[in-house]
Structures are given as C-alpha cells and as structure tokens.
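Work through the exercises below with the sequence and the 3D view at hand. Try each task before reading its solution.

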Amino acid sequence: MTHRANATLAVIVSCFVATLIAGSALAGASDSDPSAELGLVSPKVISLDGDDWLLTIDPENVGKEQKWWLVPQETAVQCKVPWIIQDPFPEYHGVAWYWKRFDAPENPHLGGRTLLHFEAVDYKADVWVNDVSVGSHEGGEAPFELDITNALSDDRKNILAVRVLNPTDTPIDGIVLSETPHRNKVNAYTAGSSYNHGGIAAPVRLLVVPAVYLTDLHVIPNAQTGEIRVETQIQNASDNEVSARLDLTAAPASEGVTLTSGEKELELSPGDNHFESTLQIENPHLWELNDPYLHRLTARLQLAGTGSFDERSVRFGFRDFVFSKGYFRLNGRRLFLSCSHTGNHCPVGLQLPTDPDFLRRDLLNVKTMGFNAIRFIAGVATPQQLDLCDEIGLMVYEESYAGWLLGDSPKMAERFDDSVGSMIRRDRNHPSVVMWGLLNETSDGPVFKHAVSSLPFVRGLDRTRMVMLNSGRFDGQTETIGGLSNPGSEVWENVLSDLHPYRRVPHTAPIIEEFRTMGSEERHAFISEYGIGSAVDLVQVTRHYEQLGKENVEDARFYRDKLDRFLEDWKAWGMAEVFGRPEDFFAESLRKMAGQRLLGLNAIRSNPHAVGYSLTGTVDQGMSGEGLFTTFRELKPGTVDAIFEGLAPVRWCLFAEPVNLYQGGEVRIEAVLANEDAIQPGNYPVSFEIFDHDNNLVWERHLDFTIPERDSGNEPPLALPALKESVHIDGLPGEYRFVASFDHGAAAAGGQTIFHVYSPLPLPLVENEVMLWGEDPPLSDWLNDHGVKTRAFTPSEQTSREVILTTYPPATPITKETFQELLRHIARGSTAIFLVPDIFKKNSDPVGWLPLAQKGSLATLRGWLYHKDEWAKRHPIFEGLPTGMMDYSVYREVIPDVAWSGQEVPDEVVAGANDASLAYSSGLMLSVYKLGEGRFILNTLRIRENIGTDPVADRLLANLLRYSAGEMDQPLADPPQDFEATLKTLGFGE
C-alpha cells in the first residue's frame, strides 16, 4: 500500500493539465528532444463518484467473517458517494459496507499501475477489489491511495467493496469514538456538538499512471530571495533501478509564460525516492490580501527510453507571515488579524453540503464583510476552499480533527501525529495557509503535553508557517509554555495572549471595559474566539428540510422538536400579541444580532493591546445560532453591514456611559480611533457632537487629532485615544447620539453610539401605603425618597386591600405559617409583588415556597454566545418603556439570568424569554397570577439590584407599584370558601 499525502486537488489538476500538455508537447517537440520520437503517453484520472453505489449497515459486525466484499448484500440501498451513512440510515453508527461496480481502465504505460485514490473516508476503511484485500486506512480527513493493479480482473468487470467503521462508544476493532481524531462528534447528540457522521466523505478516483510516478510535490518559495525550493517524492513501482528525467517549470498561474525552469536526470531505486531542486525568480510578485498573485510549478517525470510520463502541477505564492514586535505581519506590514471560524457545518450532509456552493459562499461572504482570515476549527478545509482562499486573498488558520476533544489512549500520539501530519502534507503548498493550529480549548494532560512535544515533528514537515499551540489556552500553562511558534522557530514563544473571553450577554459597562483592556504592552491579545449569536430561525430551517424532502434526517428532527416546543410556548403565552407571527419573532432575533456583534467589535477595536480577533462563528453550526449566517447560508439582517463597519481599517470607536441617565445627569464619553496604518501621519481636524432625539445639537467639540509618525522603532498602537470627557445633559428625555467625524483628510467607519435620557419619576409614586415583607433598608429609603409611605407587613387582622412588596431577606424566617398568612392577605384582594425570586427558596429547592400547584423550576437561562431573546408585552408595568423584543441598549442592566419555567400558565403574561440559540429553553420574567380576589406578581428582572442607579429599574418598580395599587379602592373581600383546600393544593395545607 502506498500513500499520497499531497493536496488531492493538485492530483486532479496536474493530471488534467498533463493530458492537455501531452498534445502540445508532441506538436512542439524539437529534433533534439528524445520524446519527439517516442509518442508521449499521459496519466489518466477516472472519477468513481456518483449515485450508483450500494450501501448497507452491519450492526453485528459480521461482514468480514461472511465475506461481504464478494457481493452486495440484499439489504443494500442505492446511495451516492461522496456522502454520509446517516442520510439513508439515520442515527446509525458502527460498521457499514459500500459497493461499486466499475470497468477497469486500460493502462497504456509499460508496467503501469492503477491506483485507487480516496480523498477521505471517515473513519476507518478496509478495501477489497474483487476478492483481493488491497489495503486499509485509518483517519477521517486524510487522502490515501492503494495500488490495485494486481487485483483487477482481465475482463475489466470489477467490484469495489469498502468496509467503513464509523466509531461508537463501544469498541469495534479496538476503536472508540472518543479516542479517535473526531472534533466534537458525539453519538448521544447534544446541541453544540456534531452528530457522529461518517462514510466515504470525499471523492473517489482511479489514477492510471506509469510504473514511475510522482507522489508528492512540495514547493517552498522564499519571498525575500525569490528562491523556490522543490521537494519531489517519486515512487518506482518496478523491481529495478530506472533512469528518468524530471523537468520543473515555474510560471504565473494565470499565464503560460515560463519564468524559470530546470531539469534533472535521476536514477530511481525501487520504492520511494526523494529529491530536492532549486529554481530562482527575480523580484517575485508577492501574494497579498488585495493582490493574491499566484504562481504555478509544474513537475514532469519521464521514464528514460519511453513516452510515458507523470505530471504534477501546484499553485504557490511568495509571501511572508510572522508575529513580530507584538503584531501579525504579512510581507512586513502589520495588520489586525480579523478572522472567523467555521466547522464547515451543513444541513443533511453535515460536513458535506447539499448545495455545492455553500462552502464556497462562506468564504466569499466573510471576505465581503472585511475579514482577512478564516479559521477552520478542528477540521481541515476542503481542497476547493483552500484554492478559493488562495485566489481571493483570504488567509487560513487550519486545524485537524485531532485538535479538539481527542481522548488519551495507547494510540493517542500516533493518531494525533497522523491527523496533523496529513493536514500539513496535503495543504502546505497553499499560500493562503499561514497558520497551523494543533489544539483548541484543551486542558493540561497527555494530549496537551504531546502537542507541546510535537513541534519538531511539525517543523520536519513545514518550517515556513506559524504554529498555534492551543487556542484559548485552557491548559493554564501560559507562564511557562508559549502559545505560538513563528516560521522557522523550533520553540514555543511566549509573546501573545490567546484568549476566549466569552462573557455574559447583555454586555454591561464592566464587560465592555474588560474587552477594552485585555492584553498588555508585553503580551498583546489575540481574541481567538468570542461572539454573540442569534436564535436559530426554527420555522425557516424546518421548512428548508421539508423543501429538500429531508425532514426525517437526524438534524431535521432535532430542529422540528425545538420548533414544536417553541410553538407550545407561543400559544400558551399569547406571544402573537408581541410579534404577530412566529416568523416575526425569529426575524427580530436575527436582526438584533447585528448590533450585538458591533458592540463587541467596537470594544475590541478600541483596545490598543488587541492585535487580532477570530469571531465565533462563521455559520450556524452544532445546531446553534452562533453564525453570521444560517446553516442554509441565508444572511442575517444587518450583519454584513455591521461586520464590515466593525472591521474597517479606519474606525471611530465611541462609548457613552451610563447608557441610561436622568435629566441633569452626566454622561462620560470616549472616542478611540482604530487605525490599521491606513491614515498617513499628520494632524487631522475632527468634530465630536451630541444630538438629541430631534437632532438638536446639544454639545460639540472640535480638535486637531494627531496620527503619529511610524518607523521600525516607533509603531503607535492600532487604537489611538482621541477624547475622554464628562458632559452634563439637561435636554429633553429621549434617545441621544454621540457622533464623531473627520472634517478633512480621512474617511472613518463607525462614529456613533447612543444613550438614553429619562425624566425624573413624579412624586409621590403612589398614594397608597406599601407593605414591606422583608428587611431591605436601601429599598425602604428609595421608596421614602419617592414619596411612598411604607410599613412592615404584619400578619394582624387585615382591614383593607394592600400593596405588599416582598424582598429579601425576609424579616423573620419563612415558614409555612408565614406564607399562609401572606396568601390569605392576597386572597382577600391584596396584590403582592415578589420582587426577587430568592424569597421562594426552601432549603435547597429554589421554588419550594412558590404559591403554585405546578411549581416548575427557576430555570437558569444564562446568556453568552448562546442567549435567550427577551420580550415584553404592552402592559401597565412597562408604561413609558419600549416593548416587543427588549432592546439591550435600554434593558441591559435589568435582564436576568433566570426565569420561571414549567408553571401553570399565568393569568397575565407580561415578559418572557425564549432561548432558541442552542437547543431550546424558555421562561417568564414577569407574570401575574390571581389568587382569590387578589393577585401576585412573579418577577426575575434585576429591578431590585439596580434601583437608584438605573432609570429603567426605577421606572419598572414605579410601574409595578402603580399597577398593584390600581384596585386598592375596592372593598376588602372575604376569603374564598374553598381557600383552605386551595392552600393544600398549593402545598401550604395543614
């Protein structure tokens, strides 16, 4: 068995080009050229792809014993290749068998060989041709080849059988999923992971080649000198030493003009042969982001005395990418590394797209948005994607399946090296590939330690690229082990902070400030993962699967289940009052994402120590809403514009805090210019202004802003502070804009942020006296300051309806009896506001004292990358505040991390949250329940935590009190006749 670890696409291109060149070579051969008299015979490529393969499963693993390779089983179904087992056999994992009948091609080469080329089989392949075992291969992403010459039948009718092992959690052939390079595949699926898919996952081809043929071509260009070092691997399949000539030609990839060439006479021993050659190009045209100039190197190997030749052609580029003096630099010019990561996730086929344009469109989309790099996270790119990256000027940070969640085992080191090594050998000719990644978010342990020790192995395959050790540095060894190795370096360099700062959503001022200050002067920050996604549009994605006729595949059923749960909430909570249609809820969620992306980008670009950012994520993957566009490659509204603005080479990053303030208060404004060396040094006139909601100018400042000189010893940060000031705001209530602009000489994106001004609350808030159930002096003081008369709740005889405000901690320990008395007051016509959910905690049960028969849970709905979408109905509690999808610029301080879930449907739904970004969860934040003649209000909004500091929290509390006091003029009612039975039903009976 022989292996070709070179780029598979290069095989196709080279052979195709060889066929074309053969004719032209014959026509143009001179009398002195020996090949002119021989008649050239080129290699051939024959595709075996198509929908005429047969596939069946082997759950009992009996196929080998029963020799299934001889004939397809009766249970086999017709399928296509490349594709995955799980489409025709959903949720199946284990052993499967493929069969393909084919005619053996004639081989015109004397002693020629026929090779069977697999671009990738996931995970282990055992291969038979006719009744002959021709070899096997382990590894889900690597190309491999088998010499099947001796297995082919003379009558040209042949059967190919491939036994594929898609690992499970139980050993098969000693293999379990967790111990293989598998990214984050799981058998028992959970959202955020990948389904454990497998099969013949890439093209299959027959290669008809001479007895002596090229197996690898490694081109190593030097951007400084123009030297091209060429490493050639040649297989001599004959039994004897033979003579051959190797011709090398370098030319522009888009033209036929030869720039340089060379030839070498070779003596080839049987088996593998390795040769090195050197060519030279004067003043090479460099590969740049905005001018991705490509060269092509062609190698032609011709056996002496024959016309048979093999030919290989690869594209390459002259470029230099390093991390130096605190910055990423391409061809000596520093840049802000703006990246996005993708798992190449697709519907139905998962790693294989139903629409072949999907994976191409991903790259065009991110290039359009302004990214200069793409990270293929824990899984290699397709060869076609790398070709496109070469062509459009998009840098690549690439990792293999071994990069994430590889379990330790006796074969761990071997499997890790095979996975990483096959990636490097396949893709090292691509100029777009600038960084190899070894690990992602891997803790300290055997796998991490092996990755640290594998740098010499990596350098043996490629010395020309940066190597990133462990994205996010979850190993905790950052003080002793560096995170990257520059091209040519043999050590891990401790020069960069590699961070995954996923933070709570919505981002508050301290979180924004954290992003603005990550990293240090000594170790700049590469934020290699972070983002804020959206919901998955469960309606649209479900309809797409139906349109494809694939509603029964595993991922389609996953989405349908989540949609069904959402629709149950939609109906129960009357969400049509807020959004009209379910489609409108998801449209608003997707639209909201653009602003959240821009918020994070604004903070990162203003950080003088941030030198790179890889955004999570390119596409909705792992059945989540983390992408800039959906799994069906639909653009999310406003996102292209937002990212394009956020990544602009010149951008004003503006800040205004607090985002909510009262008339007469002060707002702190800041302006930072992000400048990716795009503005020439000098002085530039700049205007800063604040406008109210009617566009009246309420404040302005004009100044000359200096862009410092740059030289090798003086590089100013990529973010330059321009303004920091406090401004007194006396204008009318409403939304205000703080804006910045150059008056001359420079064009900047960004330049706007908003804040909100509120009028003071009217005094008194309510005429009624408020009963306080709990000890909370700051709350008492706030109420008194706002003209609210208060007294402590007492279980004495009730004489009128009351407004009861419960807070925490309680004045006395909560018992069944104290809650019984409170509920009796409510049943006679009072309204209780349960301001904080802590009041219901009974021992370790957060809802133990909840006065509902169906207590449900206090669900944690934590927002970060994956977050809930909060909404509020038009209701007296939200009087004077915006409703619908809750605007984070208004409500960011009061958005909670918990919600009421699983209780009976309330009498009034006021505000809720649905998390459709990762699986599905939901809950209510504000709701009203009737009890007898009274009612109680359940709340999880962070009102209590923010009264006195946030006008929105103040207004919500004021509205709660007014709403609760609305029926206080009614006479006190008698307790319902069945009230004792009701108490028992609620869990408070004797």
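Buried means under 20% relative accessible area, exposed over 50%, and partly exposed in between (1.4 Å probe, protein chains only). Helices (H or I, at least four residues) and strands (E, at least two) are DSSP runs, numbered from the N terminus. This is a predicted model, in which local features need pLDDT of at least 70 and side-chain atom pairs count only at pLDDT 80 or more, while totals for chains, interfaces and linings use all residues. Residues are numbered from 1 along each chain as its sequence is written, and side-chain values use heavy atoms, with hydrogens and water left out.

**Exercise 1. Helix 5**

Task: Find which residues of helix 5 are buried, and state what these buried residues pack against.

Solution: 
- Step one: locate helix 5 at residues 446-453, where Val447, Phe448, His450 and Ala451 are buried.
- Step two: look down the axis of helix 5. The buried residues fall within an arc of 165°, so they line one face of the helix. The arc is that of the directions from the helix axis to the C-beta atoms.
- Step three: recall a general rule. An α-helix has 3.6 residues a turn, so residues three or four places apart point the same way.
- Step four: list the packing partners of the buried residues, which are helix 4 (412-427), strand 28 (433-440), helix 6 (455-461) and strand 29 (466-471). Contact means heavy atoms within 4.5 Å.

**Exercise 2. The largest nonpolar core**

Task: Which residues touch the most other members of the largest nonpolar core?

Solution: 
- Step one: a nonpolar core is a set of buried Ala, Val, Leu, Ile, Met, Phe, Trp, Tyr and Cys residues joined through side-chain atoms within 4.5 Å.
- Step two: the largest core has 130 residues, and Phe328, Met395, Leu438, Leu805, Phe878 and Leu961 touch the most other members.
- Step three: helix 16 (residues 951-964) gives the most to this core, with 8 residues.
- Step four: apart from this core lies another, of 37 residues, including Phe358 and Tyr545.

**Exercise 3. Two residues**

Task: Is isoleucine 690 buried or exposed, and where is glutamate 933 found?

Solution: 
- Step one: isoleucine 690 lies in strand 37 (residues 682-691). At 0% relative accessibility, isoleucine 690 counts as buried.
- Step two: isoleucine 690 and phenylalanine 738 are 48 residues apart along the chain, and their C-alpha atoms are separated by 4.5 Å.
- Step three: glutamate 933 is in the loop between strand 52 (921-931) and strand 53 (934-939). Its relative accessibility is 46%, so glutamate 933 counts as partly exposed.
- Step four: not counting residues up to four places away in sequence, glutamate 933 touches Arg801, Ile826, Ala827, Arg828, Gly829 and Ala973.
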